[in-house]
Amino acid sequence: MIKIYVYILLGLFLFNGTFAQNDKLIQNFKPNTKSDSNLIVISEIEESIKNSDVIKLARFINSKTYFSLMGNINGYYTTNQAFYLLEDFFKVYKVQLFKFNQINSFENNPYATGTLYYENKGRRNKAQVYVSLKRVGENWIISQLSIN
Amino acid sequence: MDNKSTINKLNKSYLVKYFKGDGKVFSIVFFVLILLILTGIVAEEQINSIKNNWKSFVTEELNDMQISVTEEFKIKENFLISTLNKLKSSLQSELNKSDETYKSLIKLINQPGYDDFSIEIYAPNGKLVGWNKSSKVLHNELFPLPATTGESFFLEKDLVYCYSIIDIFHFQNDEFFIFLSLPIEKKYKLNNKFYEKISITDLITEKIQTSTSIDFNPFTSPTVDGRKYSFEIINNKNKKIGLVTVDKPTIKSHINNIKDFTSSVQSIIVLLGFVIIGSGLRKDYKNLKTYFAKFSFLLTYLIVFRILLFVFSIPSKFINSPITIPANFSSTFGFGIVKSPLEFFVTNIFVTIAALQFFRYSLKYLREGKRFKSKIISFSLLILILVLFPLLLRAFAASIQSVVFDSKLRYFKDFEILPDFTVLIMHTNILLLGVSFLFVLIGLCLLFKKIISNNNDQFVLKDFLIVTSFIFISSCIFYLSSKNPLYNIINLAVFLLTILIVFFIINRYQTSRIKYYVIILFASSLNSVILLNYFDTLRERESIKNVAFEINRFNDQLIKFYLSDNINQIYTNQSEQNLLLRKDINFNSLAFINWSRSNLHQEELNSYIAIYDRNGKILGGFRIGFDHKENIKQLLGKFNDVIFLDESNSDSLVKKINAFSKYIEQGVTQLVVSSGINFEVTKLGGLGFPEFLRSDLNIINQYINLEKVKIFQFKDRKLVQFYGDVYPNREQIKHLFELQLDSIYNDGWTKIKFGDENYEAYIIKTFDDDSEITNVVAVADNKFSWSLFNFFKVFIIHSIFIFIIISILSFFRIKKLSISFKSKLLFLFLFISILPITFLGLYNRNILDERSSINIKNELKQKLLLVETNLNSAFSQNSKLGEAAKKVYKSLNISFNLFEETNLIYTSDKQFYDVGLINDKINSLVYYNINYDRFREFYLTEKIENYSFQSFYKIIRLKDKQYILNVNQAFNKSNNVISISEFDIVLFGIYSLTLVIIIFSSTLLANQISSPIQRLTKAAEALGRGDLNVKIEHNEKGELKELLDGFNKMTDELKKNQIELAELERESAWKEMAKQVAHEIKNPLTPMKLTLQQLIFTFKEKREDFDKLFDKVSSTILSQIENLNQIASEFSRFAKMPSMNFEKFDLMILLTELSNIYLNEKIKINISADSNEYVIENDKNQLSRIFINLIRNSIQASGNLINILIKKSDKYLEIYFEDNGKGISEEFRDKIFLENFSTKKQGMGLGLKIAKKYLNSVNGDIILVNSSQKGTTFKIILPYGKE
């Protein structure tokens, strides 16, 4: 039995040797869509995109959110898929700078557009971002998120 | 001090002893650790070296890039030149030997080998005389030459850049020119399967892993941007023909690359270390005493291994393919260990291994394990199993649900039987899921059975029924009490039925493990496909919702965003800017290029892009489903930004928005660019798009087949738009609006009927300003043929996987490939059944294909005739042919083309010709056949990109002038009644079902026929080994009855004859021996008699030599008595046991062979041992007889299981024969080894006696260990010396 423990310790040591080089493990996320005015929501979305914070962004996503992202990602996805899609997306296209240039807080169909500066495989480029919101009950949900 | 050193020595020896045997593993692990550290050091060194020598590194990198890129261009150039040479020589040889030179020319240049090239042939005067079907160049005039002959150059066309060359070939004293072009860069991009991607830029970018741009202009200057590097493209004549610009490597990205690479290498090293540790732990694993401990150990190892793979992103890191994209499947289960199809597959492999081991251990535990002594533990386990079982069923359903819902893949939407690789991986995942769950569920059933009964794996109906009942009740309770069980009652019934059937088979029939696996695999496939189908039906229902969301998504804001974004793309793109200012550019093509790259094409929106000059006059554009204004002068005003012109109809909810923007250069308006979108329900999903312009990225088409869908849009309860060929009546509309909708989402579901078809309808209500907008999307219920097709589509893929898995498993177990009689029968039945059915199916398919083709041809012909008639009439009323043709198109709505000689003079689909997507020159094959071979009409297959379509040409006369009229399938949707897809669906579904029935019945039949033959074979084998008690019990009739009865009779006769022979032999032996004895005894008796007679005579005669004679006689008599004694000893020695035949053989093999003889009898023989091989030296035949005798005794004692266990004990082998027969009564246990004792009606009772005698003679023994009503155990002891 001791032998097994020695092996396990050895294994952990080996594992730890490279562990530091990898990103942290994915944290569990719980969507929370309760929000106040659409301006606040848009601001939070802006922060999330700027910081590539998928967990925060996922709060405003549900299965009615339409995605149109670079890399031929377009359509409606479940929250499960959306989470990893966005995670992978921000890993490939590393956000350098982002800000909404135009915000229209219409009562029924608020939307915002902006320019995203990103780096991909050492190359810098920019993309246009379009985010529209929709009221579902008490909450604001992203109805469309385009980054192209 | 001494104590301390002693303790140290003891510790060291303890450690050495404990880890003895692991030395190798430790050293490898240590080596792995060193490698890990070394890679880190090497990486650091490399990074430092790069930092210190960055400049020279960059120079070297750029040099390598240049060489690599130049090489790519050289390859293309060489291909071009070699093709040119080949064409030239073919032309020379073909034309010189042919009488019909023009025909030969056209035929030659249209050969399939030249399809990738654009070929034009010019006469000596520079006029075009021949061109091939892929022709893109088409100058009517060759001169002035764009380059000298034999020199390669880049040629820019409207939509493509080509690598071209001009050369001369001589024919009949004339010089003809060949213009050969190879397209290397398409300017436009389409998102569909027909699009043929040609991009040397992408090829080079992929190769050198750096952003690349290519300028195909020889006059472009190198870049001045310090972050980029330019170099020239040189042709075969050492002239500059273009410029390549690449991004210079950055130190940051390079260092990141090194770090990534090092991280990958270290991950692999760690994994390797872990695998080695695993192999080192194998012995400890084997030495674990209980199955539970073994399973826990294995499970822990597998979990850690999987976590490591996940953390290191192996193998996803090394694979760049759709199988690693979360869009194709992902779930947050397990922190992302199933976040893509590939990760899911890897996880599935581990889960399947664990589940398989669980099943195997459960089976072993059932057969050999000891029951729990504590009733509390047993009871708790029973409860646990009853709770776990339905939970696992639900978990299985949840997994399949996730496979369907958390994926954008559509398993049943399209007709294609052979899926692409991503879908294939998911099919494998579905099968593995089903297998894992079924292994665990069956394992639980086996454990349940073990706990309630100690009949091991002996089949007892009562036990089976108890297990079944409890499982059934617990599953039903769970289903009924669950709010959301995830499956329906039919699914539950199928699950339980398959699980219980499999459980029954495993319990009832003792057969090889591979057969169990086959049954489990097929049962898993059945369950998982049924669930997949069920959830897909639900998903299709959800897809209707997405269609409704799509309709609602297109609001004014989104449309305006798309339009302004598209226009800005044109302005911000450098290469586009350059093109905009050129005077020689085809603006139609430019507009099309931008349209193809935008979301206007991606989302199949009826739209346009147009370019105007500064005065508002149109220069060019591309439109589809939306007319744009030719002159916008009145719209131009003082605006600097994007302005919108909204032409929407709010009453009908048709959205029609235009955007305009000025392109200003140095303060002066150069151009105006306009774009527009027309969104309406009636034209949803690219309805007006030709096939070759469709987009695979349009969401609506991805989710659902629009042909099955009906859409109705209401504004304030009034129908304003509809999609499809029907609309609801008043009653139906009333029903729709009376429906109770969800209070939060404002949506709901209902059923609606159109004609004979039932539809599932989804309703969603939204508000736009003050208007209530209601969208209703209805889809037809699937027909049975589709359900059958869906089921078999996946089931057959699974069957192929199962066949491959079983073949691999069987391959490792079968040492010699041999095809049994049963297999031959089975193959024969399958061959004679499947072959004609397959031929019939193919024949029917072929007939249908031909019929379909004829129908299309006839349809095109009819359309053409209609157009011709109307053209004649319209042209006679109208002086302009163009006007007449437009009128005919508007009235008939049939697309057609009109050619005069080789030139297109009218087309209904002008925009596609204007942009250069289709040649405006007639197909050369058509031209030749019609003009030279005098065909009145010609029918052929043409292509746009990779989209093939039928095309019909005919010579017509309009006002005494000859024209060529063309109608094709590309722009005229066929009304072909016979749908090949529908037929294929029915054919595939029904034939698959037939195939399953054929396989099933052939297997049964083959089994039935071969079974008696198999039993006969085994019985003959047993007979050959000396078992004369073998008998074949059967219910056969006819010839087989005679054969089997004959065999039994033969066995009886043999036995009787053997007994008689033995008697005769014994008698004969006795007689012979008596004769021998008499003869031998007589010899010494005769001299004894003679000498005694002589002594008596001498005594009576009172002779003086009596004393002397007495001595002589005594001596003679004594000597003969000694002789007699010797004779008696010889005979005694002879009467001992017959000579033995000792030889070396493997005891395991002998036992296995013997157990195989009884395969068809109602007895299962298990052999277990510490080793796979025990080579002994003994009399093989004697031992065989002893073992057969013991087996036969067990069978006769109503036993159906014998466990043979071999143990090594010092210099002996102990072989335990344990059966589960009715045992030996206590009163007889002391007598079983006595001669002539038997409890059987037949037999001499010598078997055990002889066995004991023989074994004793070879220093072994046979002992009765124990006996009871539950069974008997004998122990055979054999001497064993290691060889």
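I began with Lys959(B), which sits in the loop between strand E22 (947-958) and strand E23 (961-968) of chain B. I am working from a predicted model, so I keep to local features with pLDDT of at least 70. I looked up the backbone of Lys959(B) and found phi near 50°, a positive value in a residue other than glycine.

**Backbone, continued**

Next I went to Ser1198(B), in the loop between helix H30 (1180-1196) and strand E27 (1201-1209) of chain B. Phi of Ser1198(B) is near 65°, again a positive value in a residue that is not glycine. Is Ser1198(B) buried or exposed? I found Ser1198(B) exposed, at a relative accessible area of 55%.

I then turned to the peptide bonds. Which residues does a cis peptide bond join? The pair is Ile314(B) and Pro315(B), with omega about 5°. I placed Pro315(B) in the loop between helix H8 (291-311) and helix H9 (341-368) of chain B. I noted these entries because most residues other than glycine have a negative phi, and most peptide bonds are trans.

**Salt bridges**

How many salt bridges does the structure hold over all chains? I got 38. I followed a few of them by hand.

My first stop was Lys187(B) with Glu156(B), whose side chains meet in a salt bridge at 2.9 Å, N to O. Lys187(B) is in the loop between strand E5 (174-186) and helix H5 (200-208), while Glu156(B) is in strand E3 (residues 153-156), so this pair ties together parts of chain B that are 31 residues apart in sequence. I checked cover on both sides: Lys187(B) counts as buried at 12% relative accessibility, and Glu156(B) counts as partly exposed at 31%.

Then I looked up Lys655(B) and Asp556(B), which meet in a salt bridge of 3.7 Å, N to O. What does this pair tie together? Lys655(B) belongs to strand E12 (residues 655-665) and Asp556(B) to helix H15 (residues 556-572), both of chain B, so the bridge links parts that are 99 residues apart in sequence. Lys655(B) is buried at 16% relative accessibility, because buried here means under 20%. Asp556(B) is partly exposed, with a relative accessible area of 28%.

I went on to Lys710(B), which forms a salt bridge with Asp725(B); their closest N and O atoms are 3.1 Å apart. Here strand E14 (residues 709-715), holding Lys710(B), is tied to the loop between strand E15 (718-723) and helix H20 (730-738), where Asp725(B) lies; the two parts are 15 residues apart in sequence. Lys710(B) is buried at 7% relative accessible area, whereas Asp725(B) is exposed at 65%.

**A nonpolar patch**

Which residues make the nonpolar patch of about 620 Å²? I listed Leu828(B), Phe831(B), Ile832(B), Leu835(B), Phe839(B) and Leu842(B). I picked out Phe839(B) and placed this residue in helix H22 (residues 821-877) of chain B. Phe839(B) counts as exposed at 53% relative accessibility, because the cut-off for exposed is over 50%.

Terms used
Residues numbered from 1 in each chain as written. Chains lettered and ligands numbered in written order. Predicted model: local features only at pLDDT ≥ 70, side-chain atom pairs only at ≥ 80, totals over all residues. Heavy atoms only, no water. Helix = DSSP H or I, 4+ residues; strand = E, 2+ residues; numbered from the N terminus. Buried < 20%, exposed > 50% of the residue type's maximum accessible area, 1.4 Å probe, protein only. Salt bridge = Lys/Arg side-chain N within 4 Å of Asp/Glu carboxyl O. Patch = residues over 30% accessible without salt bridge, like charges linked within 9 Å, V, L, I, M, F, W, Y side chains within 5 Å. Areas by Shrake-Rupley, 256 points an atom, 1.4 Å probe, with all protein chains shown as cover.
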